Amino acid sequence: MRRARAHLFFKCENFQKVGAFKARGATNAVFLLTDEEAQRGVATHSSGNHAAALARAAGLRGIPAHIVMPNNASQAKAGCGCSLWRAYRLCEPTLAARESTCERVIAATGAALIHPYNDMRVMAGQGTTAVELLESFPDLDWLLCPVGGGGQLAGVAVASKSLKPNIRVVGV
């Protein structure tokens with residue numbers, strides 16, 4: 001772009017199967033489970049994108065997905081994956097309520113927790129965006145990464161800095 005005096009490249013993760021980058025992390029986490037862990041299913045708390053991604057990944061592996069969502073989640077997000085997940089529970093819209101409800105689900109089902117952002121398997125899967133971008137454009141100097149919970153940024157930072165130590169990674 002002339003105005004920025006730079007070439008800009010975009011990694012359009014909205015084209016992933018669930019419409020968000022979350023597909024990468026959830027799929028990686030689900031397929032890294034042992035067969036014994038997977039038999040009991042997976043559980044998470046999410047207001048939508050990670051829930052849909054985890055439900056899809058669980059469906060690909062043929063295991064149950066137990067999803068906890070805040071009761072104020074948008075109807076579009078709440079409805080995006082209901083046909084995919086086995087158990088759909090609503091809770092109050094606080095982090096404490098989400099976590100405690102998810103803990104109860106895990107205690108009752110034995111499901112493996114796949115946290116939306118605080119999970120090394122999720123971060124590693126999301127870091128593949130940086131790997132693909134640097135494979136296509138190895139001369140990148142900067143990588144701008146959206147920040148929500150921080151899982152994508154963590155994965156992207158580790159992957160990109162491992163491949164190209166001098167690249168500047170900026171959370172936006």
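The lining of the largest pocket divides into 16 nonpolar, 3 polar and 4 charged residues. In this count Ala, Val, Leu, Ile, Met, Phe, Trp, Tyr, Cys and Pro are nonpolar, Asp, Glu, Lys and Arg are charged, and the others, Gly among them, are polar. The model is predicted: local features need pLDDT of at least 70, side-chain atom pairs count only at pLDDT 80 or more, and totals for chains, interfaces and linings use all residues. Residues are numbered from 1 along each chain as its sequence is written, and side-chain values use heavy atoms, with hydrogens and water left out.

The largest pocket has a volume of about 660 Å³. A pocket is an open set of points on a 1 Å grid over the protein atoms alone, where a 1.4 Å probe fits, with protein on both sides within 12 Å along at least five of seven lines; lining residues have an atom within 4 Å of a point. Grid points are joined across faces, edges and corners, and the volume is the space filled by probe spheres set on the points. The lining of the largest pocket comprises 23 residues. Phe9, Leu140, Trp142, Leu143 and Leu144 lie nearest the centre. Two or more lining residues come from each of α6 (120–136), β5 (142–145) and α7 (151–163). Strand β5 gives the most, with 4 residues. Helices (H or I, at least four residues) and strands (E, at least two) are DSSP runs, numbered from the N terminus.

The second largest pocket has a volume of about 270 Å³. Its lining holds 19 residues, and Lys22, Ser47, Pro116, Gly148 and Gly149 lie nearest its centre. Helices α3 (49–61) and α7 each give two or more residues to this lining. The largest share, 3 residues, comes from α7. By class, the lining of the second largest pocket has 6 nonpolar, 10 polar and 3 charged residues.

Together with Trp142 and Val172, Leu144 forms a nonpolar patch with about 350 Å² of accessible area. Patches are made of residues with over 30% relative accessible area and no salt bridge; nonpolar side chains (Val, Leu, Ile, Met, Phe, Trp, Tyr) are joined within 5 Å, like charges within 9 Å. Accessible areas come from the Shrake-Rupley method with a 1.4 Å probe, and for residues only the protein chains shown count as cover. Leu144 lies in strand β5. Leu144 counts as exposed because its relative accessibility is 57%. Buried means under 20% relative accessible area, exposed over 50%, and partly exposed in between (1.4 Å probe, protein chains only).

Side chains of opposite charge can pair when their charged atoms come close. The whole structure contains 6 salt bridges, each a side-chain nitrogen of Lys or Arg within 4 Å of a carboxyl oxygen of Asp or Glu. One of them joins Arg24 and Glu13, at 2.5 Å from N to O. Arg24 lies in helix α1 (residues 22–32) and Glu13 in the segment before α1, so the pair ties together parts that are 11 residues apart in sequence. Both Arg24 and Glu13 are buried. A network of salt bridges links Lys11, Glu13, Arg24 and Glu132.

Asp35 pairs with Arg61 in another salt bridge, with the closest N and O atoms 2.9 Å apart. Asp35 lies in helix α2 (residues 35–39) and Arg61 in helix α3, so this pair ties together parts that are 26 residues apart in sequence. Asp35 is exposed, at 59% relative accessibility. Asp119 forms a salt bridge with Arg121, where the closest N and O atoms are 2.6 Å apart. Asp119 is buried at 8% relative accessibility, whereas Arg121 is partly exposed at 24%.

Three further residues were examined by position. Val30 is placed in helix α1. Val30 counts as buried because its relative accessibility is 0%. Val30 and Ala55 are 25 residues apart in sequence and 9.8 Å apart in space, C-alpha to C-alpha. Ala111 sits in the loop between α5 (95–109) and β4 (112–113). Ala111 is buried, with a relative accessible area of 4%. Its C-alpha atom is separated by 14 Å from that of Phe31, 80 residues away along the chain. Val131 belongs to helix α6. Val131 is partly exposed, at 27% relative accessible area. Val131 and Ala96 are 35 residues apart in sequence, and their C-alpha atoms are 34 Å apart in space.
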